[in-house]
Amino acid sequence: MSAQRILVVDDEDNARRAIATILGEEGYEVAEASNGEEALSRLADFSPAAVLTDVRMPKMDGLTFLKKAREQGSDATFIVMTAFASVETAVEAMRAGAENYLIKPLDANALLVVLGKALEKRALTREAETLREQVRQRTRFHNIIGESPLLQAVYDVVRRAATTRATVLILGESGTGKELIAQAIHQESQRRDKPFIKVHCAALSENLLESEIFGHEKGAFTGAMARKEGRFELADGGTLFLDEIGEISPSVQVKLLRVLQQREFERVGGTQTLKVDVRIVAATHRDLTAEVKAGKFREDLYYRLNVVAVTLPPLRERKSDIPALVNHFLEKYSDSYGKDVRGLAPGTLQALLSYDWPGNIRELENAIERAVVLAGGSELTTDDLPPVLRGPRPTGSSPSSLIPGATLAQIEREAILRTMEMVGGSTTRAAEILGISVRKVQYRLKEYSAEASGKPLPSTEEEQNPEAEATSE
């Protein structure tokens, strides 16, 4: 491993050289600068891991140097050196981003200890960032977050269906991410470089929906001042996503059926037959089989749409994905609102796992956004959550204080929940750290959720023995 680089900045030549000698003997690669201005020019080419800088220097003092270095994007760890009389200035430097400070005259042992701890913290921070990125990559599929078995089954269907031109029907409750699945199908297909056009069928009246989908000719109806191309024409060569397909009227159903059967249509008020090459992906939260039986949805259209069906599980059935989703929304809204909220206080994850989320991912996202807005610290507490999610106030006990008098089950619960928080919700990574199977982690999360909600956990042979691995892949 190459030696870590340290930049020493001090206008006192003897002091600077003495520090450089000590660090060099410890195996560090050292560069020197006599003031902040000179040091600023060295940052880009030397790229130090840490900077030891005096506060009071000519041309550019250490505090100004620190601020300008941060403005230029330097991620070096800063340690300021100051005489006893200017400790307040050192504290100000720490508020500006310095990691620590040393009082002159320096003690060599103290210098090495402070520098070693600062570099160790920097290494851990970088390792954590790398781990978070690995977790994000492992738990995402085209911006869909989760690695539960139910979601993995959905990914498998999407990958296999996407490469064909088959019509896909996405089923699932509101808020489960049906539009993201539609986009994933498009991105996995050979049409990925062509348009992806969306129509929200429930948001438009019958006449407007027909005009939006098929287009219209000038004068076709009052207000039709010019010809308008419909979404089918705009999506030619690509994918047309018809969201909430269960809401369309019988007359629009007939016209849509013709397009699916013959790949042709006319604009509203027009006579010219148009042909397009469009892949249809439709979605609905309704039970279309029940709608067909009730006479509200055409049976022939249903079978044309339901060539490949993708059913998205509700969030209450894949609660092992909640930690990863929470971590994603924490990062998203912390950055959006300029707040430094990066984790969950004890008890918060349990509260999130205990709720059934009737609004699914959309409701979870809204809850985390609200919590980030209201958060007063770096961790979300149960008090930051919506009232419906608040359970008993957390005791704030640490894993070490839990052990005396606790059962093995209680210790296991604490270990699993805190590890899931640490790794950003990846059950795979948590299982690796804890030395247990992914299946057991997922089962325990379901178990904790069921206990908190007072609902019995389904008892199957597989779940009774969560450590059992499949005998064949």
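## A first look at this predicted model

Asp75 is partly exposed, with a relative accessible area of 47%. Please keep in mind that the structure you are looking at is a predicted model.

**Salt bridges**

- The count of salt bridges comes to 33.
- Arg122 counts as buried because its relative accessibility is 14%, under the 20% cut-off for buried residues.
- Another pair is Asp156 with Arg160, where the closest N and O atoms are 2.9 Å apart. Both sit in helix 6 (residues 149-162), and because they are four residues apart there, about one helical turn separates them.
- Asp156 is partly exposed at 36% relative accessible area, while Arg160 counts as exposed at 56%.
- Arg286 and Glu247 also meet through their side chains in a salt bridge, at 2.5 Å from N to O. This pair links distant parts of the chain, 39 residues apart: Arg286 is in the loop between strand 15 and helix 11 (288-293), and Glu247 is in the loop between strand 12 and helix 10 (250-262).
- Arg286 is partly exposed, with a relative accessible area of 34%, and Glu247 is partly exposed too, with 30%.
- There is also a network: Glu217, Arg227, Glu233 and Arg267 are joined into one by salt bridges that share partners.

**The sheet with strand order 2-1-3-4-5**

- Five strands make up this open sheet, and their pairing is parallel.
- At the edges are strand 2 (29-33) and strand 5 (100-104), each of which pairs on one side only.
- From one strand to the next, the twist averages 20 degrees.
- Within the sheet, four bridges pair strand 1 (residues 5-9) with strand 3 (residues 50-54) in the parallel sense. To spot this pairing, look for Val8, which stands opposite Leu52 in strand 3.

**The sheet with strand order 9-12-15-8-16**

- This open sheet has five strands as well, again with parallel pairing.
- Its edge strands are strand 9 (196-200) and strand 16 (308-311), and each of them pairs on one side only.
- Neighbouring strands here are turned by 20 degrees against each other on average, direction ignored.
- Strand 12 (residues 239-243) is mostly covered, with five of its five residues buried.
- Strand 12 runs parallel to strand 9, with five bridges between them, and Phe196 stands opposite Thr239.
- Strand 12 also runs parallel to strand 15, joined by four bridges. There, Phe241 has Val281 as its bridge partner.
- Strand 15 (residues 279-284) pairs with strand 8 (residues 168-171) over four bridges in the parallel sense. Leu169 stands opposite Ala282 of strand 15.

**The largest nonpolar core**

- This core has 36 residues, and those with the most contacts inside it are Val326, Leu330, Leu352, Trp357, Leu364, Ile368 and Leu380.
- Among the elements that give two or more residues to the core are helix 14 (348-354), helix 15, helix 17 (408-422), helix 18 (427-434) and helix 19 (438-453). Helix 13 (322-336) is on that list too, and the largest share, seven residues, comes from helix 13.

- Tyr337, Val373 and Leu374 make a nonpolar surface patch of about 270 Å². Leu374 is found in helix 15 (residues 360-374) and counts as partly exposed at 47% relative accessibility.
- Gly62 lies in helix 3 (residues 62-71) and is buried, with a relative accessible area of 2%.
- Gly62 and Glu37 are 25 residues apart along the chain, and 9.3 Å separates their C-alpha atoms.

Technical notes
Residues are numbered from 1 along each chain as its sequence is written. This is a predicted model: local features need pLDDT of at least 70, side-chain atom pairs count only at pLDDT 80 or more; totals for chains, interfaces and linings use all residues. Side-chain values use heavy atoms; hydrogens and water are left out. Patches are made of residues with over 30% relative accessible area and no salt bridge: like charges are joined within 9 Å, nonpolar side chains (Val, Leu, Ile, Met, Phe, Trp, Tyr) within 5 Å. Accessible areas come from the Shrake-Rupley method with a 1.4 Å probe; for residues, only the protein chains shown count as cover. A salt bridge is a side-chain nitrogen of Lys or Arg within 4 Å of a carboxyl oxygen of Asp or Glu. Buried means under 20% relative accessible area, exposed over 50%, partly exposed in between (1.4 Å probe, protein chains only). Two strands pair if DSSP finds at least two bridges between them. Axes are lines fitted to C-alpha atoms, for helices over the stretch in contact, and angles run from 0 to 180 degrees between N-to-C directions. A nonpolar core is a set of buried Ala, Val, Leu, Ile, Met, Phe, Trp, Tyr and Cys residues joined through side-chain atoms within 4.5 Å.
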